[in-house]
Amino acid sequence: MSRTRTGPTTASSAHRAEHRARADYTGGVYGSMLAASVVIGAGSLGSFPRTELVVLLLLTGVVFWIAHVHAHLFGARLAQRALDRRVVLDVCRDEWPIVNAAVPPAAAVAVSPLLSLDVRGTLWLALCVAVAGQVGWSVAAARSAGASRRLVAATASVNLVLGLLIISFKIVLKH
């Protein structure tokens with residue numbers, strides 16, 4: 001006798017599958033740009049201890065995640081939609097890539113002593129990792145949306161140019 005699952009578990013699984021299929025990676029692109037900006041800001045203040053930069057990157061990601069969750073939930077409330085637990089959790093999950101994007105640059109800072117990098121080298125490594133993340137998130141978004149290879153290449157190129165623009169700010173700031 002075979003048993004098929006029905007009810008909340010199946011509906012929940014279907015909801016999660018649908019959610020993954022329409023995942024929006026905008027938060028990852030945004031979070032990567034934010035992390036790059038944090039690195040540049042930290043570098044412009046002079047010598048910055050690695051632990052403080054790791055914490056600053058992660059906490060900035062969390063604060064912006066909270067701000068985005070609040071803005072979306074407030075917007076939903078303005079649209080007269082009821083806010084239940086599922087809506088709140090979905091918004092939290094949708095915006096989590098902002099925090100995820102801060103992790104690779106923070107990890108780069110954390111491992112920089114193993115690479116014998118000084119503070120300047122550490123900042124450059126973290127900045128390059130953030131820009132690579134920005135390009136990676138944009139490619140993931142395009143691929144998830146079913147974009148053609150040409151469109152995937154175009155979005156990667158646009159995000160690379162934006163990342164190089166951020167890097168040029170660092171050069172102008174002489175770091």
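Is the residue Asp90 buried or exposed, and what is its relative accessible area?

Modeller: Asp90 is buried, at a relative accessible area of 12%; buried means under 20%, exposed over 50%, and partly exposed in between, with a 1.4 Å probe and protein chains only. The model is predicted, so local features need pLDDT of at least 70 and side-chain atom pairs pLDDT 80 or more, while totals for chains, interfaces and linings use all residues. Residues are numbered from 1 along each chain as its sequence is written, and side-chain values use heavy atoms, without hydrogens or water.

The side chain of Asp90 forms a salt bridge with that of Arg93, at 2.3 Å from N to O. The term requires a side-chain nitrogen of Lys or Arg within 4 Å of a carboxyl oxygen of Asp or Glu. Arg93 is partly exposed, with 41% relative accessibility. Because they lie 3 residues apart in helix α4 (residues 85–95), the two partners are separated by about one helical turn. A search of the whole structure finds 1 salt bridge.

The chain around this pair holds 8 helices and 0 strands (DSSP runs numbered from the N terminus: helices are H or I with at least four residues, strands E with at least two). Of its 175 residues, 33% count as buried. Among contacts (heavy atoms within 4.5 Å) with a separation of 6 or more, 75% join residues 24 or more positions apart.

Ala106, in helix α6 (residues 103–111), is also buried, at 4% relative accessibility. Leaving aside neighbours within four places in sequence, Ala106 is in contact with Val54, Leu57 and Leu58. The C-alpha atoms of Ala106 and Ala126 are separated by 7.0 Å, although these residues are 20 apart along the chain.

Further along, helix α7 (residues 119–144) packs with helix α8 (residues 149–172) at an angle of about 160°, their axes 8 Å apart. Axes are lines fitted to C-alpha atoms, for helices over the stretch in contact, and angles run from 0 to 180 degrees between N-to-C directions. The pair is therefore roughly antiparallel (over 145 degrees; under 35 is roughly parallel, 65 to 115 roughly perpendicular, the rest oblique). The residues that meet include Leu123, Trp124 and Leu127 in α7, and Val152, Thr155 and Ala156 in α8.
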